[in-house]
Amino acid sequence: MGQIYKIIDDLKYNPEDDALFIESSLDKDTIGMIVGAITVMCELKIDHAIVVEERHIVHLLKKYYNAVEISREDAEVSAQKYNVIDIPTVRELTFEYTNEELKNLYLPKSKEFYEEIKKFKPYYYELLGYKKA
């Protein structure tokens, strides 16, 4: 059994509404840097104006990092205390790395990972009011 993490964006008007929980065998610092790196890559591959949603981050964590999504209820009644991963905070932690370093240290080497990110593009373009991706 791994650690439980709450993925949240505390800058949102109602951050608790979109918060999601995962369980992972990775430690808090590593998960934090991965979430930050995913955020950076989504901004680079889609648009710098986007705010990556928790559900898209969790989707990638499940698919490429063996994380397991768990319900809020299960996380809150668990005997294990959960760690909070605030997306804007971990995004800022990535500033000390180049994009190439982030890719090499925290992101999968597969081309499929970047193709998966590009699948989010139409959703965010619509959200931003852009024409079709």
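Is Leu127 buried or exposed? Let's start with that residue and then step back to the whole chain.

## Leu127 in its setting

This is a predicted model. In it, Leu127 has a relative accessible area of 54%. Exposed residues are those over 50%, so Leu127 counts as exposed.

You will find Leu127 in helix H8, which covers residues 121–128. For a sense of where that puts the residue, take Thr39 as a reference: Leu127 and Thr39 are 88 residues apart along the chain, and their C-alpha atoms are separated by 17 Å.

## Fold layout

The protein chain contains eight helices and four strands. Following the sequence, these elements come in the order β-α-β-α-α-β-α-β-α-α-α-α.

Contacts tell you how the chain folds back on itself. Taking contacts between residues at least 6 apart in sequence, 72% join residues at least 24 apart.

## Overall dimensions

Why does the radius of gyration fit a compact globule? For 133 residues, such a globule would come out near 14 Å, and the protein chain has 15 Å, so the two agree. If you are setting up a box, the C-alpha atoms fill one of roughly 45 × 30 × 25 Å along the principal axes.

## Surface and charge

Of the 133 residues, 45% count as buried. The protein chain exposes about 7,700 Å², with carbon and sulfur atoms supplying 50% of that area.

As for charge, there are 18 positive and 25 negative side chains. The centres of these two sets lie 8 Å apart.

Definitions and conventions
Residues numbered from 1 in each chain as written. Predicted model: local features only at pLDDT ≥ 70, side-chain atom pairs only at ≥ 80, totals over all residues. Heavy atoms only, no water. Helix = DSSP H or I, 4+ residues; strand = E, 2+ residues; numbered from the N terminus. Rg over C-alpha atoms; globule rule 2.2 N^0.38 Å. Buried < 20%, exposed > 50% of the residue type's maximum accessible area, 1.4 Å probe, protein only. Contact = heavy atoms within 4.5 Å. Areas by Shrake-Rupley, 256 points an atom, 1.4 Å probe, with all protein chains shown as cover. Lys, Arg positive; Asp, Glu negative; His and termini not counted. Charge placed at Lys NZ, Arg CZ, Asp CG, Glu CD.
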